[in-house]
Amino acid sequence: MNTYLQYGIIILIMVVIAIAIIKAKKKDFNIEINKLVSYLGGKDNILEYEANKSRFTVKVNDTSIVNKEAINKMGARGIVEIDNELKIVLGENATQLKKYIDELKK
């Protein structure tokens, strides 16, 4: 067998394995957002919300039912609570979360 063909097959197999590993590690984003909305007390607890780059700001009816510990475990980089408003640093997911809640609130 030609040496170049052998190398080509090895590279192809490595690429397929790499893609499989990446897909296995990637979380289902919709499931994660559903969890986050439930940790915020559900869609009915969310009054107002906005996303600004990496920060998601949400005003809720009742902050006592917000599970801040679970939100942090999901990967939030920080949560600041002022009265009934939470500022959650989510990174690039903040904008996607806003779009998802827009669809839930329709």
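Is Lys 68 buried, exposed or partly exposed? Lys 68 is partly exposed, at a relative accessible area of 31%; buried means under 20% relative accessible area, exposed over 50%, and partly exposed in between, with a 1.4 Å probe and protein chains only.

1. Basis. This is a predicted model, in which local features need pLDDT of at least 70 and side-chain atom pairs count only at pLDDT 80 or more, while totals for chains, interfaces and linings use all residues. Residues are numbered from 1 along each chain as its sequence is written, and side-chain values use heavy atoms, with hydrogens and water left out. Helices (H or I, at least four residues) and strands (E, at least two) are DSSP runs, numbered from the N terminus.

2. The sheet. An open sheet is formed by 4 strands in the order β1-β2-β4-β3, with antiparallel pairing. β1 and β3 (78-82) are the edge strands, each pairing on one side only. Two strands pair if DSSP finds at least two bridges between them. On average, neighbouring strands of this sheet are turned by 15° against each other, direction ignored. Axes here are lines fitted to C-alpha atoms, for helices over the stretch in contact, and angles run from 0 to 180 degrees between N-to-C directions. Strands of a sheet pair through backbone hydrogen bonds, either parallel or antiparallel.

3. Strand β2 and its partners. β1 and β2 run antiparallel and are joined by 6 bridges; across this pairing, Ile 46 stands opposite Val 60 in β2. β2 and β4, also antiparallel, are joined by 5 bridges. Val 58 has Leu 86 in β4 as its bridge partner, and Lys 59 has Glu 85 in β4.

4. The hairpin turn. β1 and β2 make a hairpin with 2 residues between them, and Lys 53 in the turn has a positive phi of about 55°. Lys 53 is exposed, with a relative accessible area of 73%. Apart from neighbours within four places in sequence, Lys 53 is in contact (heavy atoms within 4.5 Å) with Gly 91, Ala 94 and Thr 95. The C-alpha atoms of Lys 53 and Val 89 are 9.2 Å apart, although 36 residues separate the two along the chain.

5. The core. The largest nonpolar core has 19 residues, of which Leu 40, Phe 56, Val 58, Ile 88, Leu 90 and Leu 97 touch the most other members. Such a core is a set of buried Ala, Val, Leu, Ile, Met, Phe, Trp, Tyr and Cys residues joined through side-chain atoms within 4.5 Å. At least two residues of this core come from each of α2 (29-39), β1 (46-52), β2, β4 (85-89) and α4 (93-105). The element that gives the most is α4, with 4 residues. α4 lies across β1 and β2, and runs at about 145° to β1.

6. Val 58 in detail. Not counting residues up to four places away in sequence, Val 58 touches Leu 40, Ile 46, Glu 48, Tyr 49, Asn 84, Glu 85, Leu 86 and Ile 88.

7. Salt bridges. The whole structure holds 4 salt bridges, each a side-chain nitrogen of Lys or Arg within 4 Å of a carboxyl oxygen of Asp or Glu. One of them joins Glu 81 and Lys 68, whose closest N and O atoms are 2.5 Å apart. This pair links distant parts of the chain, with Glu 81 in strand β3 and Lys 68 in helix α3, 13 residues apart. Glu 81 is partly exposed, at a relative accessible area of 35%.

8. Two further salt bridges. Lys 87 pairs with Glu 85, the closest N and O atoms being 3.8 Å apart. Lys 87 is partly exposed at 26% relative accessibility, and Glu 85 is partly exposed at 23%. Lys 98 and Asp 102 meet at 3.2 Å, N to O. These two are 4 residues apart in helix α4, so about one helical turn separates Lys 98 from Asp 102.

9. Thr 63. This residue is in the loop between β2 (55-60) and α3 (68-73). The side chains of Thr 63 and Glu 81 are joined by a polar contact of 3.4 Å. A polar contact is a pair of N or O atoms within 3.5 Å; within protein, one must be able to donate a hydrogen and the other to accept it, and residues adjacent in sequence count only if both atoms are side-chain atoms. Leaving aside neighbours within four places in sequence, Thr 63 is in contact with Glu 81, Asp 83 and Asn 84.
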